[in-house]
Amino acid sequence: MLTILKKEITAYLSSMVAYITIGVFLLVMGLFLWVFPDSSILDYGYSGLDSLFSTAPYLFMFLIPAVTMRSLAEERKEGTFELLATRPLTDWQIIAGKYLACLLIVLFALAPTLIYYYTVYTLGNPVGNIDTGAVIGSYIGLFLLGSSFTAIGIFASSITNNQIIAFTVAVFLSFFAFSGFDSLSGLLSLQNYALQDFGINEHYQSISRGVLDTRDLIYFLSFIAVFLTITKTILGGRKW
């Protein structure tokens, strides 16, 4: 697993696609946080990173599928997955290595946004006038959200050898998992919060308030486990 992880990280970081994708993500995030008036931190009147954590999920819907789309689809297209399958590796080791590699790339893209926290912390009046606990909780929620989208991306990459199709499927599933259940609840005019609980947004918002509820953690871990298990089933079925 560690060998695959190192191989994937090296392949990502030696490709200009990864840097361009991450650069576009940070550029768009910076525009939303500091330039566009409707979401600019400078127009808030108070020090906070609310716009970061409300915008990032929608940018993740495109960033993460762009990172994960090549993980298994490219292996199948180039015929190297069969080579991996004949090595003394289990399907879980292959999946875990690729999943963790993609997740590290996502964290690599997210790490520079800590500069925004330092900037708001410094610009606050008085200095440090920011709810650090809520920011930490929001980053934890964003990490769990990214982990869930990465699991979706790995699954999408396992069902096809076309990276564009893998990207499109991952974007659609990520969007539906995040806000689809909320939209269905509103469309059906249902005041049924149990339906909204199936969506990621409800649990993401809960953690973003700085409250780490075990129910939210169990939800995210179960969500990730389900998609990785389905991916393992698909890979196992292709070798029969």
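The structure described here is a predicted model. The chain holds 12 helices and zero strands, so the pattern along the sequence reads α-α-α-α-α-α-α-α-α-α-α-α. Of its 240 residues, 46% count as buried. The accessible surface of the chain comes to about 12200 Å², and 69% of that area belongs to carbon and sulfur atoms. How do contacts relate to distance along the sequence, and what share of them joins residues at least 24 apart? Among contacts between residues at least 6 apart in sequence, the share is 74%.

With the overall picture in place, the packing of helices can be followed. Two packed helices are described by the angle between their axes and the distance between the axes. For helix α2, which covers residues 16-34, and helix α7, which covers residues 114-123, the angle is about 20° and the axes are 12 Å apart. An angle of about 20° falls under 35 degrees, and α2 and α7 are therefore roughly parallel to each other. Their crossing is right-handed. On the α2 side the contact is made by Leu26, Met29, Gly30, Leu33 and Trp34, and on the α7 side by Tyr116, Thr119 and Val120. Sorted by class, the contact of α2 with α7 has six nonpolar residues, two polar ones and no charged ones.

An α-helix has 3.6 residues a turn, so residues three or four places apart point the same way. In the contact between α2 and α7, the residues from α2 include Leu26, Met29 and Leu33, while those from α7 include Tyr116 and Val120.

Thr21 lies in α2 and has a relative accessible area of 19%. Is Thr21 buried or exposed? Buried means under 20%, so Thr21, at 19%, is buried. Leaving aside neighbours within four places in sequence, Thr21 is in contact with Leu63 and Ala66. Leu123, in α7, is exposed, with a relative accessible area of 58%. Leu123 and Leu42 are 81 residues apart in sequence, yet their C-alpha atoms are 9.7 Å apart in space.

By class, the contact of α1 with α6 divides into 11 nonpolar, two polar and two charged residues.

The other partner of α6 is α8, and here the angle is about 135°, with the axes 10 Å apart. The two helices are therefore oblique to each other, and α6 passes α8 in a right-handed crossing. The contact is made by Ile95, Lys98, Tyr99, Cys102, Leu103, Val106, Leu107 and Leu110 of α6. From α8 it takes in Tyr139, Leu142, Phe143, Gly146, Ser147, Thr150, Ala151 and Ile154. The contact of α6 with α8 has 12 nonpolar, three polar and one charged residues.

Ile136 is partly exposed, with a relative accessible area of 49%. Ile136 and Ser208 are 72 residues apart in sequence and 8.3 Å apart in space, from C-alpha to C-alpha.

Ser208 leads on to helix α11. This helix, residues 200-208, is mostly covered, with seven of its nine residues buried. The buried residues are Ile200, Asn201, His203, Tyr204, Ser206, Ile207 and Ser208. Just after α11, Gly210 takes a positive phi of about 90°.

Note on methods
Residues numbered from 1 in each chain as written. Predicted model: local features only at pLDDT ≥ 70, side-chain atom pairs only at ≥ 80, totals over all residues. Heavy atoms only, no water. Helix = DSSP H or I, 4+ residues; strand = E, 2+ residues; numbered from the N terminus. Buried < 20%, exposed > 50% of the residue type's maximum accessible area, 1.4 Å probe, protein only. Contact = heavy atoms within 4.5 Å. Areas by Shrake-Rupley, 256 points an atom, 1.4 Å probe, with all protein chains shown as cover. Nonpolar A, V, L, I, M, F, W, Y, C, P; charged D, E, K, R; others polar. Axes fitted to C-alpha atoms, helices over the stretch in contact; angles between N-to-C directions. Parallel < 35°, antiparallel > 145°, perpendicular 65-115°, else oblique. Left-handed = near helix turned anticlockwise from the far one by under 90°.
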